[in-house]
Amino acid sequence: MGKTSKDKRDIYYRRAKEEGWRARSAFKLLQIDDEFNIFNGVTKAVDLCAAPGSWSQVLSRRLNQNYQKLKETSTDVVAPKIIAVDLQAMAPIEGVVQIQGDITNVTTAEQIIAHFGNEHADLVVCDGAPDVTGLHDMDIYIQSQLLLAALKITTQILKPKGTFVAKIFRAKDASLLYSQLKIFFTSVTCAKPRSSRNSSFEAFVVCKDFCPPEGFEPSSLNPLLSNFDHLPEINKYIAPFVICGDLSQPDSDTTYPLDFEGKKFQYCEPTQSPISPPYEEAMALLSITNLGKDPNSVTLKGNTMTIAEFKASRSNTQNDES
């Protein structure tokens, strides 16, 4: 396959590179904002499960654009603060503070609050998703647990009336998640951006007007969600379904010619290569000619070594480079 094969198949992938986004998912958040205006009045935002950073880029660009516009008409304007959280390392983004941490750890929430000067966020977004296995029931369950983990830290860092946006896999039991979210938010909507493939069962919940129950403590989240007496019309709540974007925008499942809309195609490299991706070691092993022939050893430049020795040598090389 040539370099342009994916550019032909996915116009949003092509446009992401042309416009400087790290991933095509940036268009999903942009289209959600166009529909719901989630960035209005936001000065403090948090991006959970942020790597590779496309949503953090959107937050940085849009919030700073809003800030510059407000400065033209008012002097009492606060510069935006944006925090990105992920277990993986991420290349720096201008205007974004990165925390390499676990969203299920209470210390991560404390770090976020501390950076905001003991204030809470106006907006929390999460585009996190598990590595899909192909077993749909398992993938849906893991995604729902990730969503609930994002909800738990959100209840600790989001201010009242704030907004929460997160990825969800639509399934027959999705109404349970909608009901659980309705405990904390007045408005819960299921949104499908045009840049999200129709063949994918992903969507996004847009939760507005954060209003936790009286006396709620984050430590009591799990019992509260498990107590069905608190869930409004359990398994009966149907969240409004909204398509973000109009027919003038490209179809994410359509193959477009490289020369599109009167523009001459020019190939662009990806904006940012991954930093220490999980597949890096596998790619290095695949470069070895006899991989798979002998389970106990590999041949590297004519020298035979065990798998353990190979890993140790790579670790030493990385330490020397750092």
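Is Val165 buried or exposed? Select Val165 to begin: the residue is buried, with a relative accessible area of 0%, where buried means under 20% relative accessible area, exposed over 50% and partly exposed in between, with a 1.4 Å probe and protein chains only.

Before moving on, note that this is a predicted model, in which local features need pLDDT of at least 70 and side-chain atom pairs count only at pLDDT 80 or more, while totals for chains, interfaces and linings use all residues. Residues are numbered from 1 along each chain as its sequence is written, and side-chain values use heavy atoms, with hydrogens and water left out.

**Around Val165**

Val165 belongs to strand 5 (residues 158-169); helices (H or I, at least four residues) and strands (E, at least two) are DSSP runs, numbered from the N terminus. Now display the neighbours of Val165: leaving aside residues up to four places away in sequence, Val165 touches Ile32, Ile38, Trp55, Val124, Val125, Cys126, Val205 and Val206, contact being heavy atoms within 4.5 Å. The C-alpha atom of Val165 is separated by 6.7 Å from that of Phe204, 39 residues apart along the chain.

**The cysteines**

From Cys126, one of the residues that Val165 touches, turn to Cys49, whose sulfur has its closest cysteine sulfur in Cys126 at 3.9 Å, too far for a bond. A disulfide is a pair of cysteine sulfur atoms within 2.5 Å, and a search of the whole structure finds 0 of them. Cys49 is buried at 18% relative accessible area, and Cys207, at 0%, also counts as buried.

**Salt bridges**

Across the whole structure, 11 salt bridges are found, each a side-chain nitrogen of Lys or Arg within 4 Å of a carboxyl oxygen of Asp or Glu. Select Lys28 and Glu202, whose side chains meet in such a bridge at 2.7 Å, N to O. Lys28 lies in helix 3 (residues 26-36) and Glu202 in strand 7 (residues 202-210), so the pair ties together parts that are 174 residues apart in sequence. Lys28 is buried at 8% relative accessible area, as is Glu202 at 6%.

Next select Asp127 and Lys167, which form a salt bridge at 3.3 Å, N to O. This pair links distant parts of the chain, 40 residues apart, with Asp127 in the loop between strand 4 (121-126) and helix 6 (136-157) and Lys167 in strand 5. Both Asp127 and Lys167 are buried.
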